[in-house]
Amino acid sequence: MFLSKCSAEMITFAAQSLKDGHLVAFPTETVYGLGADATNESAVAKIYKAKGRPADHPLIVHIASMEAINDWTSDIPEYAIKLARDFWPGPMTLVLKRSSLAKDFITGNQETVGLRVPAQPIALALLKEFEKIGGNGIAAPSANRFGAVSPTTANAVMEELLPYLDINNDRILDGGPCTVGVESTIIDCTSDAPKLLRLGAITKEMIKESTGLEVIDAVSNSEIRVSGSLESHYAPNAKVLLDQAPNPGQGFIALKEVQTPQGAIRLAEPTSIEEYARNLYAALREADARNLTEVCVTQPTGEGLAAAIRDRLKRAAN
Ligand code: TXA
Ligand code: MG
């Protein structure tokens, strides 16, 4: 079956599909990824084609455990090991100097590679199974078309990518909704101090506490190609308006404590910042499903995950 619930059998089958050069979309705790064998150039090319993504944007390689870090990298600073120990498996990607295993088609011709051990049982089972049959890491960007909202359910992947996948050979593993809901924190570990490239659930404060180092904030002025750091990204078809009171007929997303103005269409009313992150992308998709032309979003305040949410909203509104 093209879209499958995840039995152990299905995971074994999906791992073999990857080994055979096909695509497998799978859940992670952040968002759904569109996976391919990270050492197979033609399989990785299928990711770019399905996403409509420019070829010079690097991909994150997902690995089964910290041990695999040495296969993909050379020269790992002490603080990166500390981060990996503290936050893997988890919503954190480390950018490190690459080894010869990380080819140009993964790194976008850069000398670095992004690595992550996800904390999602199906993702981990798939990675372990893939390793067992001789695989070496799964390249997986978010399973959306380039510039669009990342999917947080298997159905959202279907809606987004069905026309661009090979339904006879590619597959989508259904692991239910993602628990975090925004993409991983990306940390560049190629200099003396950790450099934050993308905000996520692993916060600046957590990185500082783990490493004992000052964290360089490079989120908005990164010269490294992080596609999620382009000005316009994570965008639904509906126009996103920030911190404006909605008019009748406009979509509305805000914390539950904020009342819905008369006539506005409430798309999400999360009770916490965590729930806000978890539901945001589904709510933006819902705006499109209902053919709304505008959606007003009251941004959460505060640091940490709230800052990651505002970062995504700013780009969605651009
Ligand atoms: O949470 C996530 O990270 C999800 C799940 C599926 O793991 N993946 C994800 O991948 O968000 P993607 O490709 O949509 O976003 C990854 C970002 C891209 O903007 C890419 O440019 C950046 O990571 N990236 C990957 N390798 C990099 C590298 N070597 N240096 C700098 N940025 C890198
Ligand atoms: Mg993405």
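The following legends describe close-up views of a predicted model.

Figure 1. The domain assignment divides the chain into domain 1, residues 3-217, and domain 2, residues 239-317. Their C-alpha centres are 27 Å apart. To the contact, domain 1 contributes 21 residues and domain 2 contributes 13 residues. About 1,300 Å² of area is buried between domain 1 and domain 2, with carbon and sulfur atoms giving 58% of that area. On the side of domain 1, Val149, Val182 and Leu199 supply 39% of the area buried against domain 2, more than any other three residues.

**Figure 2. Polar and charged pairs across the domain interface.** Seven residue pairs are in polar contact between domain 1 and domain 2, counting pairs with both residues at pLDDT 80 or more. Two salt bridges are found across the interface of domain 1 and domain 2. A further close-up concerns the pair Glu160 and Arg285, which form a salt bridge whose closest N and O atoms are 2.9 Å apart. Side chains of opposite charge can pair when their charged atoms come close.

**Figure 3. Strand S2 and its two partners.** Strand S2 comprises residues 24-26 and pairs with S8 in the parallel sense over two bridges. S2 also pairs with S3, here in the antiparallel sense and over three bridges. Ala25 has a bridge partner in each of these strands: Ile172 in S8 and Leu34 in S3. S2 and S3 form a hairpin, with six residues between the two strands.

**Figure 4. Strand S3 and its pairing with S7.** Strand S3 covers residues 33-37, and five of its five residues are buried. S3 pairs with strand S7, residues 138-139, in the antiparallel sense over two bridges. Within this pairing, Asp37 stands opposite Ile138 of S7.

**Figure 5. Side-chain directions along strand S8.** In a regular strand the side chains alternate between the two faces of the sheet. In strand S8, residues 171-174, Arg171 and Leu173 point one way, whereas Ile172 and Asp174 point the other way. All four of these residues are buried, on either side of the strand.

Figure 6. Thr93 is found in strand S5 and counts as buried because its relative accessibility is 1%, under the 20% limit. The side chain of Thr93 makes a polar contact with the side chain of Ser184 at 2.8 Å. Leaving aside residues up to four places away in sequence, Thr93 touches Ile60, Gly114, Leu115, Arg116, Ser184, Thr185, Ile186 and Ile187.

**Figure 7. The salt bridge between Glu111 and Arg98.** The side chains of Glu111 and Arg98 meet in a salt bridge with an N to O distance of 3.0 Å. This pair links distant parts of the chain, the two residues being 13 residues apart. Glu111 lies in the loop between helix H5 (104-107) and strand S6 (112-116), and Arg98 in the loop between strand S5 (92-97) and H5. Glu111 counts as exposed because its relative accessibility is 54%, whereas Arg98, at 16%, counts as buried.

Figure 8. The structure holds 13 salt bridges. In one of them, the side chains of Asp311 and Arg315 meet at 2.6 Å, N to O. Both residues lie in helix H10 (residues 305-316), where they are four residues apart, about one turn of the helix. Asp311 and Arg315 are each buried. A network of salt bridges links Glu183, Asp311, Arg312 and Arg315. Another salt bridge joins Arg290 to Glu286, with the closest N and O atoms 2.8 Å apart. Arg290 is partly exposed, with a relative accessible area of 44%, and Glu286 counts as partly exposed at 30%.

**Figure 9. Lys82 in helix H4.** Lys82 is found in helix H4, which comprises residues 78-87. Lys82 counts as partly exposed because its relative accessibility is 37%, a value between the limits of 20% and 50%. Lys82 and Ser65 are 17 residues apart in sequence, and their C-alpha atoms lie 14 Å apart in space.

Note on methods: Residues are numbered from 1 along each chain as its sequence is written. Chains are lettered from A and ligands numbered from 1 in the order in which they are written. This is a predicted model: local features need pLDDT of at least 70, side-chain atom pairs count only at pLDDT 80 or more; totals for chains, interfaces and linings use all residues. Side-chain values use heavy atoms; hydrogens and water are left out. Buried means under 20% relative accessible area, exposed over 50%, partly exposed in between (1.4 Å probe, protein chains only). Two strands pair if DSSP finds at least two bridges between them. Domain bounds come from an automatic or database domain assignment. Contact means heavy atoms within 4.5 Å. Buried area is the accessible area (1.4 Å probe) that two parts lose on being put together, summed over both. A salt bridge is a side-chain nitrogen of Lys or Arg within 4 Å of a carboxyl oxygen of Asp or Glu. A polar contact is a pair of N or O atoms within 3.5 Å; within protein, one must be able to donate a hydrogen and the other to accept it, and residues adjacent in sequence count only if both atoms are side-chain atoms.
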